[in-house]
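Please keep the sequence and the coordinates at hand while reading.

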Amino acid sequence: MRRALWVVAVLLSHWRRHPLQFATLMIGLIAATALWSGVQALNQQARTSYDRAAAAFGGTRTPMLVSPSGGAFAQQLFVDLRRAGWPVSPVLEARVQIEGRSVRLLGIEPVTMPPEASAAAEIGTAGAQAFIASPGQALISRETLTELGLRDGATPTLGNGQQLPPLKLQAALAPGVIVVDIGIAQTLLAMPDQLSRLLIGKAKGPRPNLESVTGQQLRLVQPESETDLERLTDSFHLNLTAFGLLSFVVGLFIVNSAIGLGFEQRLPMLRTLRACGVSARQPNAVLVLELVMIALLAGAVGLVCGYVIAALLLPDVAASLRGLYGAQIPGQLTLKPEWWLAGLAISVIGALLAAASSLLKAVRLPLLAAAQPYAWQQAQHRWLRLQGGGALLVFATAALVLWFGDSLIAGFIVLAALLLGAALALPVLLGLVLAVGERSTRRPLLRWFWADSRLQLSGLSLALMALLLALAVNVGVGTMVESFSRTFVGWLDGRLSSEIYLNAASEAQAREIRTWLAQRPDVQAVLPGSQAEIQFGGAPVQINGLPDHATFRDQWPLLDATPDAWDRVRDGDGALVSEQLSRRMQLTLGQSVTLPTPTGPWTVQVAAIYADYGNPKGQFTVNIDALLSHLPDSPQTRMGLRVAPENIAVLMDAIRARFGLDGRNLADQASVKKESLGIFNRTFAVTSALNAFTLGVAGVALLTSLLTLSNSRLPQLAPLWAIGLTRRQLAGIELMKTMCVALITALLALPLGLLVAWCLIAIVNVKAFGWRLPFHVFPLQLVALLAIALLAALVASLLPILKLVRMQPADLVRVFANER
Amino acid sequence: MSARLTRRSFVSGLAITGLGVPHAWAQGFAGLGSDADGFAQVVPGRALSFPADHGPHPAFRIEWWYLTANLADAAGNAYGAQWTLFRQAMAPGTRDNGWATPQIWMGHAAVTSATAHRSAETFGRGGIGQAGVTPTPFHAWIDAWEMRGLDGFSDMTVAPLHVTASAENFSYRFRLDAQQPLVLQGDAGYSRKSERGQASYYYSQPYFTAAGTLAIDGNDIAVTGRAWMDREYSSQPLASDQTGWDWFSLHLPENEKLMLFRLRQKDGSHYFAGNWITADGRSEQLAANAIAMTPTATTDIADRRIPTAWRIAIAARGLHIETVPLNARSWMATSFAYWEGPVRFSGSHSGVGYLEMTGY
């Protein structure tokens with residue numbers, strides 16, 4: 001026991017003598033854990049919310065019965081099934097307008113509701129009697145209450161003039177949903193004896209098969225392991241995860257270099273211990289234990305940092321998810337215990353992974369091996385040659401996946417392979433460039449400059465790889481975001497062609513507004529809009545109705561169209577199809593499509609394909625009259641107004657005063673545009689923030705590598721000093737060398753980054769969102785990144801350089817005096 | 001009979017207030033205690049009329065159709081079966097159509113053998129057809145469970161009937177016949193429940209003969225035996241000091257019947273009541289002080305100690321018997337759990353019957 005403690009003390013003394021090395025190790029582990037855990041926290045928060053939404057009274061987690069057309073069906077089917085022994089519970093669902101916001105109204109039946117399909121206890125504690133009996137209750141989450149600007153107990157009026165029962169706060173309810181009793185829902189929606197679906201409880205018992213009870217009127221929908229929201233937002237989370245993973249890997253580069261050096265420097269110490277009679281196993285056990293302790297400590301700090309990162313990013317993430325997918329994420333970060341444990345585990349696993357090679361070496365250490373503190377660099381140098389082969393292999397994999405793969409995951413695999421291959425190839429490429437430099441000159445100092453750079457390469461290569469990855473991803477993401485925002489702005493200009501947009505509170509008010517507008521001379525045109533949703537190809541699809549008007553013919557941006565597209569739409573037999581939908585369903589121009597509607601199948605031809613950025617659902621755009629004749633229940637409360645620019649403000653004031661519409665129901669083009677751009681900017685704000693973090697970590701990696709190298713560089717520098725170079729000159733040369741390799745790395749990162757951008761735009765985006773952007777290159781952005789990279793390298797070199805400048809001549813002399 | 005009313009009030013209250021949470025349980029009770037106003041009141045001297053009174057009485061708060069059967073297979077193995085439909089109004093009002101109907105229905109079903117007890121429950125709202133009762137033709141149902149009058153149904157015998165229920169691990173279907181008319185409990189159907197004047201309308205058909213099939217875990221067993229139906233409705237809440245009850249329905253020799261119960265009160269005093277029904281259908285009320293009921297053995301079930309064996313004495317009638325359960329673990333694992341199962345008795349009289357105990 002005593003001996004073990006001595007071994008621990010001896011081995012730990014190393015960190016006391018090398019605090020900077022210890023700090024490096026900690027920083028690496030903390031950075032890796034923090035970014036990874038931060039991203040995980042964000043994902044976890046979002047997933048919890050999706051689960052909450054899905055669990056809300058039979059989302060997609062419960063098996064259910066629906067009508068094959070997707071529409072409402074007669075309540076009698078529910079009674080028939082119950083009487084036949086089916087443990088079903090009815091649900092009626094529709095979207096309603098409250099305070100100008102669209103909210104899901106869910107009518108449920110608490111008495112038959114299967115306990116597993118809902119949080120029945122929520123109703124229980126709220127009191128089902130109060131819930132069912134007149135006037136009833138409208139259960140609502142705190143988030144929705146706040147969003148609507150209402151208070152507990154309020155009785156808001158719906159868009160159709162019906163009044164909700166008193167609102168009742170139900171904290172555990174999913175946001176964006178209002179839950180009332182089924183009978184109340186039928187009254188509110190004017191759908192007497194109509195149901196949307198039947199949830200099937202788990203209760204078992206003899207029951208006849210479905211057809212014998214309800215014929216073909218209902219169809220069974222099996223529960224899905226994945227909710228709609230999860231499917232829609234998968235790409236977003238995959239994106240975040242990919243970034244988290246990248247940061248983690250970059251962090252591990254730092255850890256690896258710190259541990260490698262630390263172990264190597266302790267080899268003589270280990271040898272001495274062995275010579276003193278300590279068994280081979282003991283120091284190794286202590287080394288592992290020490291590593292685990294450090295990893296736990298760093299992991300704990302990393303988790304706190306990760307929490308802070310997640311909390312800082314959450315508002316942007318929540319805003320993006322709401323804006324893009326309508327997913328409601330609470331703004332308060334709540335974390336499960338698993339998160340903390342997983343964070344510590346990832347830190348320990350990361351540390352062990354990064355130390356694996358060093359530990360193996362320590363295990364195999366021969367008793368009498370000469371201590372060679374720098375031998376590991378040489379060994380790595382040999383190892384780097386193998387990396388060249390590895391890189392080729394990884395590139396080949398990327399090419400194969402690119403050729404055969406056809407999914408989002410494949411897209412990310414190509415990206416990862418590309419980055420990994422480039423990282424592996426980097427030292428080889430750098431070595432080649434430096435060798436060319438060395439051969440190109442005959443001046444001794446310059447030759448030494450290139451040769452010494454090559455020698456240094458093995459020690460710096462991991463940090464340079466990290467820099468390469470961070471830069472390439474920055475270039476890639478930057479290019480994609482810039483491409484997107486340019487395309488998006490142009491597209492938005494085309495799509496937002498009306499000067500004023502308004503949404504009436506009810507159909508009656510909409511009619512009133514139309515009549516009133518018709519008498520105003522300053523209104524050039526009223527463009528009514530309507531939208532319905534149907535099930536098409538197994539997913540909800542929007543049908544958007546537009547009038548035939550020059551505004552759309554001139555400005556609506558089409559990606560691809562038949563020559564008479566707008567005439568076909570006007571005649572009611574043509575439809576425009578959104579890019580997402582055309583890709584998903586493989587719809588091509590001229591193809592006939594049959595849409596299921598309550599009035600029977602409706603066949604239209606694909607007349608054009610248009611970009612519909614930001615819409616997670618597929619969309620058809622048709623003539624509004626055709627829409628209303630096939631889907632007569634579609635709301636007609638929306639309209640766009642064409643107005644001369646100078647009349648916008650006056651007209652809006654008049655409408656506001658006359659009809660009491662507020663900012664949520666009445667907006668001018670500029671503010672709608674601003675809001676849309678805001679959503680997209682926030683989406684990419686998260687990506688940019690993670691981008692910046694990654695670059696920061698790469699900078700730290702470079703700094704720590706240079707610091708660890710700086711001490712070991714003395715034997716190389718002292719002879720130069722001895723033959724007459726001043727310390728200042730030496731420092732200048734050292735700085736030049738670092739900047740030189742950083743520049744080469746950054747230059748290599750540029751084409752790699754563009755390749756990454758292409759992958760993102762041509763593969764990942766298409767798979768994730770369903771749209772493809774035109775690819776642009778932004779030279780200014782590239783130059784700026786190049787400058788940032790060099791700046792990072794400069795900052796990272798400053799400290800070691802200053803150390804060199806201030807070094808006492810005695811230290812340099814000692815190189816020759818001391819036995820090494 | 002107050003005991004049964006209390007228990008069922010609890011259970012029915014539960015049906016309203018949610019599905020199995022203690023909160024709801026308490027709330028149901030509180031709800032019952034507070035506003036009987038607005039509901040019809042039980043008054044002495046009102047004559048029951050049939051078939052109308054076989055149907056629901058939405059003006060009253062609570063009501064049930066309650067059937068228990070003592071059965072045996074060809075080899076003489078004993079079985080028990082229970083079929084119950086409860087109705088409770090959440091609010092006064094006689095509206096009987098649509099979701100706005102303030103009626104909640106609950107069904108309980110169980111079968112018991114010497115080695116097994118299976119129970120199930122189901123819930124439904126009134127007004128839409130999922131559950132309900134019609135007096136003519138007689139039909140009481142919830143989901144696929146039903147009690148239906150057959151051809152030749154008589155309003156006075158409530159027979160013949162077809163009864164069926166099924167759940168995951170048991171099912172049964174019986175035909176019930178009766179030659180004698182139903183009997184009125186209490187004082188001509190006015191059943192007093194406490195000295196404080198609480199009461200219900202209560203009548204029974206204790207003379208059913210039963211024949212049919214029951215299945216436990218998939219094995220069909222042909223059975224015959226006797227059955228007893230209770231009908232009761234009231235609006236009167238119970239006093240809060242009543243904690244539970246022990247209720248017997250016994251088939252005595254010579255076609256005599258005995259119904260008795262003990263209502264336990266917090267102060268340790270018990271309210272006793274019962275009716276002695278003679279072979280020719282006369283129903284005679286027993287004086288409270290004429291009834292002696294003493295537990296003789298207990299069984300521990302679900303963290304509770306239940307008195308499953310009893311000594312009963314009605315000295316004035318020369319009755320001194322000991323009852324033992326067919327299955328001491330006849331536990332109704334429903335939202336509000338209780339003990340209900342077939343019993344056998346011996347002593348001065350011997351025979352079979354049913355025992356229900358709640359509030360333990």
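## Confidence

This is a predicted model. The predictor gives the complex an ipTM of 0.89 and a pTM of 0.60.

Chain B has an average pLDDT of 86. In chain B, 89% of the residues reach at least 70. Residues 1-35 of chain B stay under 50. For that stretch the model has 102 contacts beyond four places in sequence.

## Chain make-up

Chain A has 820 residues, and 44% of them are buried. Its secondary structure comes to 25 helices and 20 strands. Take the contacts in chain A between residues at least 6 apart in sequence: 83% of them join residues at least 24 apart.

Chain B has 360 residues, of which 55% count as buried. It holds two helices and 23 strands. For chain B, 56% of the contacts between residues at least 6 apart in sequence link residues at least 24 apart.

## Nonpolar cores

The largest nonpolar core has 152 residues. Within it, A466(A), L467(A), L468(A), L469(A) and A472(A) touch the most other members. Helix α14 of chain A, residues 444-495, gives this core its largest share, 21 residues.

A second core is separate and has 96 residues. Among them are A109(B), V133(B), Y271(B) and V352(B).

## Helix α14 of chain A

α14(A) has 52 residues. Its end C-alpha atoms are only 66 Å apart. α14(A) has a kink of about 65°, centred on L460(A).

## Strand β18 of chain A

Strand β18 of chain A spans residues 618-623. Six of its six residues are buried, so β18(A) is largely enclosed by the rest of the structure.

Two strands pair with β18(A), as follows. Strand β13 of chain A, residues 539-546, runs parallel to β18(A) and is joined to it by six bridges. Q542(A) has Q619(A) in β18(A) as its bridge partner. Strand β15 of chain A, residues 574-578, pairs with β18(A) in the antiparallel sense over two bridges. Here L576(A) stands opposite T621(A).

## Strand β20 of chain B

Strand β20 of chain B, residues 319-325, has a covered face and an uncovered one. The covered face holds L319(B), I321(B), T323(B) and P325(B). The uncovered face holds H320(B), E322(B) and V324(B). Why two faces? In a regular strand the side chains alternate between the two faces of the sheet.

β20(B) pairs with strand β19 of chain B, residues 304-314, in the antiparallel sense over five bridges. I312(B) stands opposite I321(B) of β20(B). The hairpin of β19(B) and β20(B) has four residues between the strands. In this hairpin, G318(B) takes a positive phi near 70°.

β20(B) also pairs with strand β22 of chain B, residues 338-347. This pairing is antiparallel, over five bridges. V324(B) stands opposite R344(B) in β22(B).

Conventions: Residues numbered from 1 in each chain as written. Chains lettered and ligands numbered in written order. Predicted model: local features only at pLDDT ≥ 70, side-chain atom pairs only at ≥ 80, totals over all residues. Core = buried A, V, L, I, M, F, W, Y, C linked by C-beta atoms within 7 Å. Buried ≥ 20, exposed ≤ 12 C-beta atoms within 10 Å, placed from the backbone. Expected span 1.5 Å × (residues − 1). Bend = angle between axes of the 7 residues up to and from the residue. pLDDT = per-residue confidence, 0-100. Contact = placed C-beta atoms within 7 Å. Pairing = 2+ DSSP bridges.
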